[in-house]
Amino acid sequence: MFAKDYRRQAWGRLSGNWGVAILAYLLYSLIIGALSTTGIGSLILAGPLYAGLIAVFVQLARTGSTKIEGMFENLTKGFVNKMLTYILVQVYTFLWALLFIIPGIVKGYSYSMAFYIMNDNPEMGANEAITRSREMMNGHKWQLFCLHFSFIGWILLSILTFGILTIFVAPYMQAAEAEFYENLKLEAGLAQVAPTAEESTDSTEFI
């Protein structure tokens, strides 16, 4: 599939669901913005809140409808794992970026499916989710980059409207990314990305 296919699927799913999608994005942005003033609060809650946002758009991709309650239903389930996933992704990406910007960007795409995988497996450990994301994105990072880049026109319009259009563009991009994950999972033949018995313990290997 191409970027336009994911965008088309996302647009179709959002029909009749724009209100919930925009509200979910606004709530997430406002809460994260408020927490950013506290420092430690943002570090603790950013992961679980982002996982909740992911859950809203994954449900939309799978059923064609979603609800704002989905953002908070499993907020405490796997809370520590979600928190650690967010922290580790930031740390790993930062460390790779120290080698130059490009490696950091590439690794950011490698880790991009970690929260989607954790949405399907809320008890999965942080390093395991990140490792599974790396495996899933092997050979697919360019596709996701192209999908994100295909929104460049919308992003420029958002800048011209002083960010106002972002409340429409950001949910659209998130919905398209959820479609990307669902298609990627189907390509891999996975109903669920669950760990095997041997892999159930968290790896501490630097990724």
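## Thr-66 and its surroundings

A polar atom of the Thr-66 side chain lies 2.8 Å from the backbone oxygen of Val-56. This comes from a predicted model. The Thr-66 side chain also makes a polar contact with the side chain of Gln-59, at 2.9 Å.

Where does Thr-66 sit? It is found in the loop between helix H3 (40-63) and helix H4 (79-97). Thr-66 has a relative accessibility of 11%, so it counts as buried; the cut-off for buried is under 20%. Leaving aside residues up to four places away in sequence, Thr-66 touches Asn-17, Val-20, Val-56, Gln-59 and Leu-60.

## The largest pocket

How much space lies in the largest pocket? About 350 Å³. Its lining has 13 residues, and those closest to the pocket centre are Tyr-50, Val-89, Gln-90, Gly-108 and Ser-112.

Helix H4 gives the largest share of this lining, with four residues. Both H4 and helix H6 (114-120) supply at least two lining residues each. By residue type, the lining of the largest pocket divides into seven nonpolar, five polar and one charged.

## Ser-110 in helix H5

Ser-110 lies in helix H5, which covers residues 101-110. Is Ser-110 buried or exposed? Its relative accessible area is 5%, so Ser-110 is buried.

Which residues does Ser-110 touch, not counting those up to four places away in sequence? They are Ser-133, Arg-134, Met-137 and Lys-141. Ser-65 is 45 residues from Ser-110 along the chain, and the C-alpha atoms of the two are separated by 28 Å.

## Helix H10

Helix H10 runs over residues 166-187 and has 22 residues. What span should it have? At 1.5 Å a residue, H10 should span 32 Å. That figure takes 1.5 Å times one less than the number of residues.

How many residues of H10 are buried? The count is 17 of its 22, so by the under 20% cut-off H10 is mostly covered. As a general point, an α-helix has 3.6 residues a turn, so residues three or four places apart point the same way.

Key:
Residues are numbered from 1 along each chain as its sequence is written. This is a predicted model: local features need pLDDT of at least 70, side-chain atom pairs count only at pLDDT 80 or more; totals for chains, interfaces and linings use all residues. Side-chain values use heavy atoms; hydrogens and water are left out. Buried means under 20% relative accessible area, exposed over 50%, partly exposed in between (1.4 Å probe, protein chains only). A polar contact is a pair of N or O atoms within 3.5 Å; within protein, one must be able to donate a hydrogen and the other to accept it, and residues adjacent in sequence count only if both atoms are side-chain atoms. Contact means heavy atoms within 4.5 Å. On a 1 Å grid over the protein atoms alone, a cavity is a set of points where a 1.4 Å probe fits but cannot get out, and a pocket is an open set with protein on both sides within 12 Å along at least five of seven lines; lining residues have an atom within 4 Å of a point. Grid points are joined across faces, edges and corners, and a volume is the space filled by probe spheres set on the points. Ala, Val, Leu, Ile, Met, Phe, Trp, Tyr, Cys and Pro count as nonpolar, Asp, Glu, Lys and Arg as charged, and the others, Gly among them, as polar.
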